[in-house]
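Student: I have a structure to read today. Can you walk me through its features?

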Amino acid sequence: MNFLNIVLLALLGVVVIATGAWALRHFFSPEARLDRRRRRSNSRVISNAKRPMVRFSVRTRKKKD
């Protein structure tokens, strides 16, 4: 292995490490965490159960003014 191959491998390693660090920094940033929480909170509830779904009526009596 000559000196040029070692330099190219080291440069490639630095690029891979920098790309990985950038991806992890974005994934664990406060904005990304809030975005994931917002997506989970606003998504519909999906159930994999094979039984009938129970739905409750939340209609209340109208006030007579």
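Tutor: Start with a definition. Helices are DSSP runs of H or I, at least four residues long, numbered from the N terminus. Keep in mind that this is a predicted model.

Student: How many helices and strands does the protein chain have?

Tutor: The protein chain comes to two helices and zero strands. Helix α1 covers residues 3–27. Helix α2 covers residues 30–42.

Student: How far does helix α2 reach from its first C-alpha to its last?

Tutor: Compare the reach with the expected span. That span is 1.5 Å times one less than the number of residues. Helix α2 has 13 residues and reaches 18 Å, close to the 18 Å expected.

Student: Which side chains meet in salt bridges?

Tutor: The general idea comes first. Side chains of opposite charge can pair when their charged atoms come close. Now the case here. A search of the whole structure finds two salt bridges. Asp35 meets Arg38 at 3.7 Å, N to O. Asp35 also meets Arg39, at 3.5 Å, N to O. Together, Asp35, Arg38 and Arg39 are linked in a network of salt bridges.

Student: Where do Asp35 and Arg38 lie?

Tutor: Both lie in helix α2, three residues apart, which is about one turn of the helix. Arg39 and Asp35 are four residues apart in helix α2, so about one helical turn separates them.

Student: Is Arg39 buried or exposed?

Tutor: Read the relative accessible area. Under 20% means buried, and over 50% means exposed. Arg39 has 53%, so Arg39 is exposed. Asp35 has 33%, so Asp35 counts as partly exposed. Arg38 has 47%, and Arg38 is partly exposed too.

Student: How many residues of helix α2 are buried?

Tutor: One of the 13 residues is buried, and α2 is hardly covered. Now take the whole protein chain. Of its 65 residues, 3% count as buried. The chain exposes about 7,500 Å², and carbon and sulfur atoms supply 62% of that area.

Student: How many aromatic pairs are there?

Tutor: Rings pair if their centres lie within 6.5 Å. By this rule the count is one aromatic pair. The rings of Phe27 and Phe28 have centres 5.0 Å apart and planes at 85 degrees, so this pair is edge-to-face.

Student: Are Phe27 and Phe28 buried or partly exposed?

Tutor: Phe27 has a relative accessible area of 44%, so Phe27 is partly exposed. Phe28 is at 47%, and Phe28 counts as partly exposed.

Student: Which residue lies over the face of Phe27?

Tutor: Look for a charge above a ring. Arg36 lies over the face of Phe27, at 4.4 Å from the ring centre.

Student: Which residues form a nonpolar patch on the surface?

Tutor: Leu9, Leu12 and Val16 form that patch. Together they have about 300 Å² of accessible area. Leu9 lies in helix α1.

Terms used: Residues are numbered from 1 along each chain as its sequence is written. This is a predicted model: local features need pLDDT of at least 70, side-chain atom pairs count only at pLDDT 80 or more; totals for chains, interfaces and linings use all residues. Side-chain values use heavy atoms; hydrogens and water are left out. Patches are made of residues with over 30% relative accessible area and no salt bridge: like charges are joined within 9 Å, nonpolar side chains (Val, Leu, Ile, Met, Phe, Trp, Tyr) within 5 Å. Accessible areas come from the Shrake-Rupley method with a 1.4 Å probe; for residues, only the protein chains shown count as cover. A salt bridge is a side-chain nitrogen of Lys or Arg within 4 Å of a carboxyl oxygen of Asp or Glu. Buried means under 20% relative accessible area, exposed over 50%, partly exposed in between (1.4 Å probe, protein chains only). Rings of Phe, Tyr and Trp (its six-membered ring) pair if their centres lie within 6.5 Å; planes under 30 degrees apart count as stacked, over 60 as edge-to-face and the rest as tilted. A charge sits over a ring if NZ of Lys or CZ of Arg is within 6 Å of the ring centre and within 35 degrees of the ring normal.
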